[in-house]
Amino acid sequence: MGLNFSKCRVWEVHFEIPGRINSLPYPGEVVEEIQSSPEYRIDCKLRKNFTGCQLSCTLEGEGVFRVGKKEYHLTPGMAFMQNHNDGNTAYYYPENCAGDWRFIWISFYSPTVEKIVRELVAQYGYIYRTPLDSPLIKKLKSYKNYRGTLQFLSPFEGARMIMDIITGLESFSSPEKTGLTTQFTMSRRAQEYIFNNLANRIGV
């Protein structure tokens with residue numbers, strides 16, 4: 001019998017966006033989770049019918065993120081961002097590892113933000129290094145104050161929340177790619193996608 005992953009959730013917050021605008025990104029849930037069994041494995045090639053994206057940040061212990069045949073060991077302060085249905089990836093609790101893997105993640109959605117994540121992955125890779133005392137991690141952890149609730153946001157509040165999180169990846173390095181980008185560059189690309197898609201929607 002497989003693990004009941006929901007029992008490993010320390011806390012979770014879900015979001016609802018009344019009057020959602022499809023072009024704008026919106027949050028699904030924020031979850032803090034603890035895994036400690038090698039049975040825990042998410043193989044994204046089995047998620048081909050999924051939509052949306054995920055940013056996951058390791059707080060304690062160690063996990064593994066796999067891209068193709070290459071493994072990245074996720075220690076505290078390391079994060080990955082991907083589309084849920086990216087069949088080239090998987091993440092899991094490592095074999096022969098002692099201790100808990102504690103991480104916090106957020107899911108977010110819209111065809112527009114999926115394009116943003118695909119471009120960022122193609123250009124900069126999946127892996128980010130974000131200090132645990134960074135504004136991004138503090139922001140994600142602050143949602144613990146609303147644990148167990150359903151939070152209602154306007155379409156623009158939801159979009160701003162996601163874009164702040166994406167552009168909050170203030171410094172990162174990717175073993176897959178060379179070079180660095182700035183928060184300004186990421187923000188500019190994200191804003192261009194949203195404004196172009198929103199303009200196209202309004203113009204229909």
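**Exercise 1. Into which classes do the residues lining the largest pocket divide, and which helix supplies the largest share of them?**

Solution. Step 1: the lining divides into eight nonpolar, three polar and five charged residues. Here Ala, Val, Leu, Ile, Met, Phe, Trp, Tyr, Cys and Pro count as nonpolar, Asp, Glu, Lys and Arg as charged, and the others, Gly among them, as polar.

Step 1: the model is a predicted one, in which local features need pLDDT of at least 70 and side-chain atom pairs pLDDT 80 or more, while totals for chains, interfaces and linings use all residues. Residues are numbered from 1 along each chain as its sequence is written, and side-chain values use heavy atoms, with hydrogens and water left out.

Step 2: at least two lining residues each come from α2 (135-142) and α3 (155-167). The largest share, five residues, is that of α3. Helices (H or I, at least four residues) and strands (E, at least two) are DSSP runs, numbered from the N terminus.

**Exercise 2. How is the aromatic pair of Y40 and Y91 arranged, and which parts of the chain does it link?**

Solution. Step 1: the structure holds 10 aromatic pairs. Rings of Phe, Tyr and Trp (its six-membered ring) pair if their centres lie within 6.5 Å; planes under 30 degrees apart count as stacked, over 60 as edge-to-face and the rest as tilted.

Step 1: Y40 and Y91 form a tilted pair, 6.4 Å centre to centre with 55° between the planes. This pair links distant parts of the chain, 51 residues apart: Y40 is in the loop between β2 and β3 (41-43), and Y91 is in strand β8 (residues 89-92). Both Y40 and Y91 are buried.

Step 2: ring pairs link Y40, F65, F80, Y91, W101, F103 and Y126 into a cluster.

Methods. Buried < 20%, exposed > 50% of the residue type's maximum accessible area, 1.4 Å probe, protein only.
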